[in-house]
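Trainee: Could we go through this model together? I would like to start with the way the chains touch.

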Amino acid sequence: MHEPLVILDPTDERAVIGRQLAARPEQLTGTLGIVDIAKPRGDVFLDELERLIRERLPALQVLRLRKPTYTKPSPPDLRDEVSSRCQAVIQALAD
Amino acid sequence: MSELPALGAMASAFTLSTGDNQVVAFGDGDAVPTLLVFFKHDCATCDLTLPLVERLHTALSAEGLRVVGISQDAVAHTSDVVARHHLSFTVALDGDLEVSADYGFDAVPALVLVGPDRAVVASFEGFTRPDLLTLTERTAAACGAAAPRLVHDGDGLPEHRPGCGSKVHDPDVARRLAVRRGAATLGARRVQVPIADDPFDFLSAQGLDDGLPVVPPTEARVLRMLDGTQRAASDVVAHVPPNLAPATVEKIAINAVMAGCRPEYLPVVIAATEAACTDQFNLHGVLATTYFVAPVIVVNGPIRRAIDLNCGANLFGQGFRANATIGRALQLVVRNIGGGKPGGVDMSTLGQPGKFTCCVGELEEASCWEPFHVERGFAADTSTVTVFAGEAPRAIRDQLSRTAPSLGASMGMCLQSMAHPKLAHVGEALLVVCPEHIRIFEQDGYTKADLRARIQEATARPLRELLPDADCQKGMTLRAVPNALLGPDGQPTAEGLETPLSKFQQDTDILVMVAGGTTGKFSAFLGGWANGAAGSMAVTREIRP
């Protein structure tokens, strides 16, 4: 007897939720978060970036933040801090 | 276990066919006494009973008795039985065993006498003289005839002889029947492969494979896989990164089928999944990193022999089903359940072949040291799996060392290159000591601790040599340099620059196992990934049935 082959779904069977990128601000106001993901020498790049931003946008508040380790996703507390205190965020990868 | 229909119960109707495709229908307006005889060809009790049924048929067919033999075999074996016993009654084939399953007996022969009203009048399994006598009397009564004498002196028939197992209970058949009858309790979504599609192409097109063909995970195969564990199919083993999706035993079994595992490997795959999904192993990071690492599975304990896991020659190579499919199953779990795919969360720059599969066993029998898992806190007779985030194996070639300190130094020199010779404190390494090398350590009474200390000694370099310089801009970053070697300005002190640093932050970062072929003075090491708890550390879990 020839029956159609039926297989079992090996996936988690959950629909993936598409996420929209946040709207890009027209200009930087309020607090800018700068998140160091803790890769070696990321701080070198971000220090220079912070210097330039403070020089050119003196009215902007800058909040420096750092992930405990680049090897793991951001802890919830860090994500909460970014979303509650910052109007924009720069997160950089370096090596 | 199941039972024949109770006396008085309505016998199930069926439609089967004979070996020459004649339709045999029962139960729709027969209105004659019918004797159903279930049998299979390789059953001595059937051979004993069928000639007696033939006698009954010969005696009472003229009185209105209908006899239907129901064979559990295919045509060829059925024809043999018919010829062997000169059966003159109709014999139908129950190839799918659906009718056998409906009648609920455990053994053949099984005889069911059904009255003209389809109510069961007599039934029994196996052979017993009293049951045969009762059945004969009731058959004759149903036909309104005198009971024939079936058993003659000199027949040599026993009083009692147990039957043989009905084929319904053969493992593969039982699973298939369970699925077809909806008795199976698997929760996964059923996906019908379009009839015109090649199943292998279909699975690949759905993005469910690793680039090599996977075994289609049919219900029967998954049920057979689940026989490999005592755990319930619905048990959640872990939440698999990156999507942190729940991995049930059933979902792991589906992926193990696809990888080509045998059922007895399933407990290893389950334990490996559990170990890989711990915070300490950090599977999300292992997957997402641009670095080379893949989960390397090391198996210890009695299960290695039970499942024929290679611990010897060609350890990391091809040709061993347990090794090849267990590692692959874990990767498919990560891909299909966790959602971690190359080009998605898996961002490795170069990857490595071990990302298809990497599972090895320790050759505990060749070692003078306590086994890897015992060192990690488990009993020797406990089977364990350890996952380690490792690079591909790299050679330690030393045919000349004849003393343990020399060989230990050799190993240290090779390990110095892990990640980069100017990097110290870069995490764990897995050192695989081959049998010819372990004999040198054994001969000198070298312990694992001695070997680790020798490696640390051989790899020690003054901090000065490990910092970036004009000759080579790569080196340790100041953040990675121990604070004790830095001054108040955050720069290395003069004394700090001359302080030797060993390759490994602590001796125990060197994981040591013994394995490989008996010939060749070739050991190996697998470099790890990011350092300590902030990165990935090896995790060991017990393999439970």
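Trainee: How many residues of chain B are in contact with chain A?

Mentor: In chain B, 33 residues are in contact with 18 residues of chain A; two residues are in contact if their C-beta atoms, placed from the backbone, lie within 7 Å. This is a predicted model, in which local features need pLDDT of at least 70 and side-chain atom pairs count only at pLDDT 80 or more, while totals for chains, interfaces and linings use all residues. Residues are numbered from 1 along each chain as its sequence is written, and chains are lettered from A and ligands numbered from 1 in the order in which they are written.

Trainee: What joins strand E1 of chain A to E12(B)?

Mentor: Three bridges join E1 (residues 6–8) of chain A to E12(B), and the two strands run antiparallel. Two strands pair if DSSP finds at least two bridges between them. Within this pairing, Val6(A) stands opposite Gln192(B).

Trainee: Back to H7(B): how many of its residues are buried?

Mentor: Seven of its eight residues are buried, so H7(B) is largely enclosed by the rest of the structure. A residue is buried if 20 or more other C-beta atoms lie within 10 Å of its own, exposed if 12 or fewer, and partly exposed in between, with C-beta atoms placed from the backbone. Among the buried residues of H7(B) are Glu219(B) and Arg221(B).

Trainee: Now Val298(B): why does it count as buried?

Mentor: Val298(B) counts as buried because it has 27 C-beta neighbours inside 10 Å. This residue is found in strand E15 (residues 294–300) of chain B. Leaving aside residues up to four places away in sequence, Val298(B) touches Val360(B), Glu362(B), Phe372(B), Thr386(B), Phe388(B) and Met513(B). The C-alpha atoms of Val298(B) and Glu362(B) are separated by 7.0 Å, although the two residues are 64 apart along the chain.

Trainee: Which residues are buried in helix H15 of chain B?

Mentor: In H15 (residues 435–443), Pro435(B), His437(B), Ile438(B) and Phe441(B) are buried. They lie on the same side of H15(B), because they cover an arc of only 155 degrees around the axis; the arc is that of the directions from the helix axis to the C-beta atoms. Their cover includes helix H14 (404–415) and strand E19 (429–433) of chain B. Just after H15(B), Gly445(B) takes a positive phi of about 65 degrees.

Trainee: Last topic, chain A: what pattern does it follow along the sequence?

Mentor: Chain A follows the pattern β-β-α-β-α-β, with two helices and four strands. Its C-alpha trace spans about 80 × 30 × 20 Å along the principal axes. Of the 95 residues of chain A, 14% count as buried.
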